[in-house]
Amino acid sequence: MTNNNIPVITVDGPSGTGKGSLCGRLAETLGFHLLDSGSLYRVLAYVVSKEKISIEDIASIVEQAGKLDLSFEKKGELVSILLSGEDVSAQIRTEESGNKASKIAIIPDVRAALFERQKAFQMSPGLIADGRDMGTVVFPKADLKIYLTASAEQRAKRRHKQLKDKGNDVTVAQLLNDIAERDQRDSQRQVAPLKPAADAIVIDTTNLGIEEVEAQVRALIEERGLSS
Ligand code: C5P
């Protein structure tokens, strides 16, 4: 159990493994809060582009990280992200912003600036935290840690479907490239690299549908008495 007795379930892993869908469903059925930590890095990437800040200008990026005026609006399983009151959910969900986010996420001072903001999501009755370092760095005492993996090909296919549904035109081959590049950057960085926590339960979702993944995790939640 974490310090303040409010349960935390972390779900880490690379993109396209089904983390977002799983976390949305769990938060909805358990009535828990949801932290989509990737959205913080994505919003920051969006601000950096909008303010025409160079990716090399670390001091300015860190300054922006410290003053992001963010709020979240829950709509069923989905959460809208508001930047200074403006809904930027669609703008930050592009491949470009994901890639830029992963470049910014390497900067240790950016991670430090976003750390407390992420911790603050731990509110009653509980939290589902989705990201790369939720179980290793941000909530190391989480009650249940899940790590999702899947083959790069399957992840590229899933991303392709998601993006196509939103009207974005990218090829699976292009996505496979992006995924390999982003995995490399996320898992090789010095601070908070992408890896399962020592006490995480790893689930390979390559051949599993979202319902099957959810059922496995629900069973673990019951087992640990976290659904109250
Ligand atoms: O999960 P999502 O694809 O939205 O994350 C975008 C990028 O933000 C990731 O590729 C990763 O580099 C970074 N990120 C991170 N730590 C997190 C969540 C996301 O470094 N907890």
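This note sets out numbered points on a predicted model, moving from the ligand to the cavity, the backbone and selected residues.

1. **The shell around the ligand.** The ligand is surrounded by 17 residues, and the closest are Arg42, Arg111, Asp133, Arg182 and Asp186. Sorted by class, this shell holds nine charged residues, four polar ones and four nonpolar ones.

2. **Polar atoms facing the ligand.** In aspartate 186, a polar side-chain atom is 2.6 Å from an oxygen atom of the ligand. For arginine 111, the distance from a polar side-chain atom to a ligand oxygen is 2.8 Å. Arginine 189 also places a polar side-chain atom 2.9 Å from an oxygen atom of the ligand. How much of the ligand does the protein bury? Taken alone, the ligand exposes 450 Å², and the protein buries 97% of that.

3. **Elements that build the shell.** Two or more residues of the shell come from each of α2 (37–50), α5 (95–104) and α9. Helix α2 gives the most, with four residues.

4. Rolling a probe the size of a water molecule over the atoms shows where empty space is left. In this model, one cavity of 30 Å³ or more is present. The volume of the largest cavity is about 40 Å³. Its lining is formed by Leu34, Asp36, Phe72, Val79 and Ile81. Strands β2 (33–36) and β4 (78–83) are the elements that give two or more residues to this lining. By class, four of the lining residues are nonpolar and one is charged, while no polar residue takes part.

5. Most residues other than glycine have a negative phi, and most peptide bonds are trans. Proline 125 belongs to the loop between α6 (108–119) and β6 (127–131).

6. **Two residues with positive phi.** Serine 84 is not a glycine, yet its phi is positive, at about 45 degrees. This serine sits in the loop between β4 and β5 (86–87). Alanine 192, also not a glycine, has a positive phi of about 50 degrees. Alanine 192 is located in the loop between α9 (172–188) and β8 (201–204). Are these two residues buried or exposed? Serine 84 has a relative accessible area of 54%, and it is therefore classed as exposed, the threshold being over 50%. Alanine 192 has 11% relative accessibility and so counts as buried, the threshold being under 20%.

7. **Threonine 206 and its contacts.** Threonine 206 lies in the loop between β8 and α10 (210–223). Its relative accessibility is 16%, so this threonine counts as buried. The side chain of threonine 206 makes a polar contact of 2.6 Å with the side chain of aspartate 204. A polar atom of the threonine 206 side chain also lies 3.0 Å from the backbone nitrogen of serine 151.

8. **A buried lysine.** Lysine 145 is part of strand β7 (residues 144–149). With 5% relative accessibility, lysine 145 counts as buried. Which backbone atom lies 3.0 Å from a polar atom of the lysine 145 side chain? The atom is the backbone oxygen of glycine 135.

9. **Two distances along and across the chain.** Glycine 66 is in helix α3 (residues 58–66) and counts as exposed, at 54% relative accessibility. Glycine 66 and glycine 38 are 28 residues apart along the chain, and their C-alpha atoms are separated by 16 Å. Tyrosine 46 is in helix α2 and counts as buried, at 16% relative accessibility. Between tyrosine 46 and proline 14, which are 32 residues apart along the chain, the C-alpha separation is 20 Å.

Key
Residues are numbered from 1 along each chain as its sequence is written. This is a predicted model: local features need pLDDT of at least 70, side-chain atom pairs count only at pLDDT 80 or more; totals for chains, interfaces and linings use all residues. Side-chain values use heavy atoms; hydrogens and water are left out. On a 1 Å grid over the protein atoms alone, a cavity is a set of points where a 1.4 Å probe fits but cannot get out, and a pocket is an open set with protein on both sides within 12 Å along at least five of seven lines; lining residues have an atom within 4 Å of a point. Grid points are joined across faces, edges and corners, and a volume is the space filled by probe spheres set on the points. Ala, Val, Leu, Ile, Met, Phe, Trp, Tyr, Cys and Pro count as nonpolar, Asp, Glu, Lys and Arg as charged, and the others, Gly among them, as polar. Buried means under 20% relative accessible area, exposed over 50%, partly exposed in between (1.4 Å probe, protein chains only). A residue is near a molecule or strand if one of its heavy atoms lies within 4 Å of it. A polar contact is a pair of N or O atoms within 3.5 Å; within protein, one must be able to donate a hydrogen and the other to accept it, and residues adjacent in sequence count only if both atoms are side-chain atoms. Accessible areas come from the Shrake-Rupley method with a 1.4 Å probe; for residues, only the protein chains shown count as cover.
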